[in-house]
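Dear colleague,

Notes on a helix residue, a surface patch and a pocket follow below it.

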Amino acid sequence: MAASGSLGLTVDLALAGLTVGSAAALSGIGLVVCHRATGVLNIAQGAQAMAVAYLLRDLVVVRHWPVWPAVAFCLLLVAPALGVLLDVLVYRPLQRRGAGPADTMVAGLGVFVLLIGAVVLLWGAAPLAGAPSPFGGAPIRLPGGHALRPDTVAQLAAILVLALTVAATTRWTRFGLHLRAVVDDRRLAGLAGVDADRVSAAGWAFGSFTAGLVGIALAPYLLLDPYGLPLLVMETMAVAVAARLRSIPVAVATGLGLGVAQAELTRLRPAGQLLPLVEAVQSNLFVIALLATALLAGPRISGERAGSPAFSGPGAADGGRGAAAVCLVLLLLPLGFRGNDLRSALLVPALALVLLSIVVVTGYGGQISLGQAGYAGMGALGTALLMSGRVPGLPPLPAAPALLLAVLATAPLGLLTGWPAIRRRGLALALVTFAVGTAMSRFVFQQPYATTGLTLDRPSFLAGDRAFYVAELLLLGLGAAVVRGLHRGRLGRALTAMRDHEAGAVAAGVDVPGLKLLAFVAGAALAALGGGLMGLAGRAFDAASFDPVRGLLWFAAVVVAGADSALGAVLAAALLIGLDAGTVAGVSAVAVGVLAAAIGRLPGGLAALPGRRSAQAPPPLPPGRLTPAGQRVRATIAGRIAREEER
């Protein structure tokens, strides 16, 4: 009887896990098809799913539309139109100018934060009750007394239909032939008469359609949160990475398997201190899978040519005297503020230090890191733990030594992302760093065992907001001096060589692995210092301040302000804090999202605008004249045609 009851529970949990697993499988199908059609990993899929879910809720709950017409409107009109719009306005200009994967990824992050900002502006940042499921009715009874939800059946049917449709389309239709040609070589396909833009538009429409499906599938079971839902969908990216962004059957099997495994793990209920950790693993299995698959996939999913720089376009190492003067005014202006305005401004120097870490890692070192929010959170949490006497063997410490020790303890943690960076670049490294930052948030910042009973207060001589702001400015000046020193002399030349052409730097004798580790360790220390100051400014540790989605917003803000500029970090911090404080929450995300989505028209970021005004564009080619690259492509096509004729 006990064995029978255990088997019944196993089956019931597996059926329950199919609900989440089928949503992950749908996400994987959309990511794989979109990547195969466009060559782009749709990193904004989570935000698209969230936007469709919010729209469905608004239509049904607020405007009282019938459920099925609302679902049809969202899935058949809004979602595909959004995909085509993104292709035309964001990704197609990048493809036509030959932008690298890093610029394309930043544009995707821009779309991600833009959609989040738009949702916050329209519906607010507070979580809302989810939209009703279009599949009502009683559960479907199976043999043995087990039950299956109607919406789970619908999702499984959608997976089957989509997988078969994609397989039939790619193998037996003319469009499938064109799709394979575009995937193999977009330029050759275009010269052979294939409409590559139409193929890309169809890929983006399908990817956005599946994102909408994921949002509608998850909406009935979750509170709609403009930050939580996109992050949840992003975690399912593990499904597509496990499939190497190519195999739909592998993506479907992985998604369903992870969903069932996550449900089965709820049976584990160990006693004692292991329970919180086991529960964290149970609810965050997709995060673990994303980290594991990104580490195992390695350069196979990078999509970045060896030796290519992280970002195209001119650098903005100095930004000119005008940019320096603007940043100085922005930093000194809050000294005249009072009350809430001054308290809001306390976050600007602290956040600027966190953003300086992105300048070091990405702007100087050429490594894409999406996990700096995790190191900032470790700095804040470490400071709080040391001040609260929660570290074994140490008494409660004052704020200054606690902050210093937290920074020193966090710096070596930069190796968590620095070590994988030795053999990875581009998309592969971005996924690893994002997974590390998400794991820090889920397994540390959000766990009661680490965050209860904390004390985080300023020293008495810095209790006033104005005095604390002056101390922050001094620390920011020290951090900026350190960052500027990294970019000068022999070390600076080595970092620039590694960023601009890694293979060439290796050939010139530069210790590239050591430089990468140095960049990540220095970046972790700067982020921890800024995070500790953010905690002291608010006199509390707030896990939401170091959410991985905010880390994506910070990264995009640095890139649009000038990834190769210390002044760009200050400008980005002032932009993020000032816009939301002076208007309403979400405006800064919209502004950063628009600029990041248009990164193809802003090489070097805002800090490089003065230099670009004086630069002259090269003269256009005469009509009918091909570039050297075009001549090589034409010669390749001619050679292939000749070989075919000989056969």
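**Findings**

Helix H5 (residues 150-172) contains alanine 163; helices here are DSSP runs of H or I with at least four residues, numbered from the N terminus. The model is predicted, so local features need pLDDT of at least 70 and side-chain atom pairs pLDDT 80 or more, while totals for chains, interfaces and linings use all residues. Residues are numbered from 1 along each chain as its sequence is written, and side-chain values use heavy atoms, without hydrogens and water.

Alanine 163 has a relative accessible area of 22%, so it counts as partly exposed (buried is under 20%, exposed over 50%, partly exposed in between; 1.4 Å probe, protein chains only).

Leu328, Leu332, Leu335, Val470 and Leu474 make a nonpolar surface patch of about 440 Å² (residues with over 30% relative accessible area and no salt bridge, nonpolar side chains joined within 5 Å). A salt bridge is a Lys or Arg side-chain nitrogen within 4 Å of an Asp or Glu carboxyl oxygen. Helix H14 (320-332) and helix H22 (465-486) each give two or more residues to this patch. Valine 470, in helix H22, is partly exposed at 37%.

The second largest pocket has 30 lining residues, with Leu222, Gly228, Leu229, Leu232 and Arg442 nearest its centre (an open set of 1 Å grid points with protein on both sides within 12 Å along at least five of seven lines; lining residues have an atom within 4 Å of a point). The lining comprises 16 nonpolar, eight polar and six charged residues, with Gly counted as polar.

Conventions
Patch = residues over 30% accessible without salt bridge, like charges linked within 9 Å, V, L, I, M, F, W, Y side chains within 5 Å. Areas by Shrake-Rupley, 256 points an atom, 1.4 Å probe, with all protein chains shown as cover. 1 Å grid on protein atoms, 1.4 Å probe; cavity = no way out; pocket = protein on both sides within 12 Å on 5 of 7 lines; lining within 4 Å.
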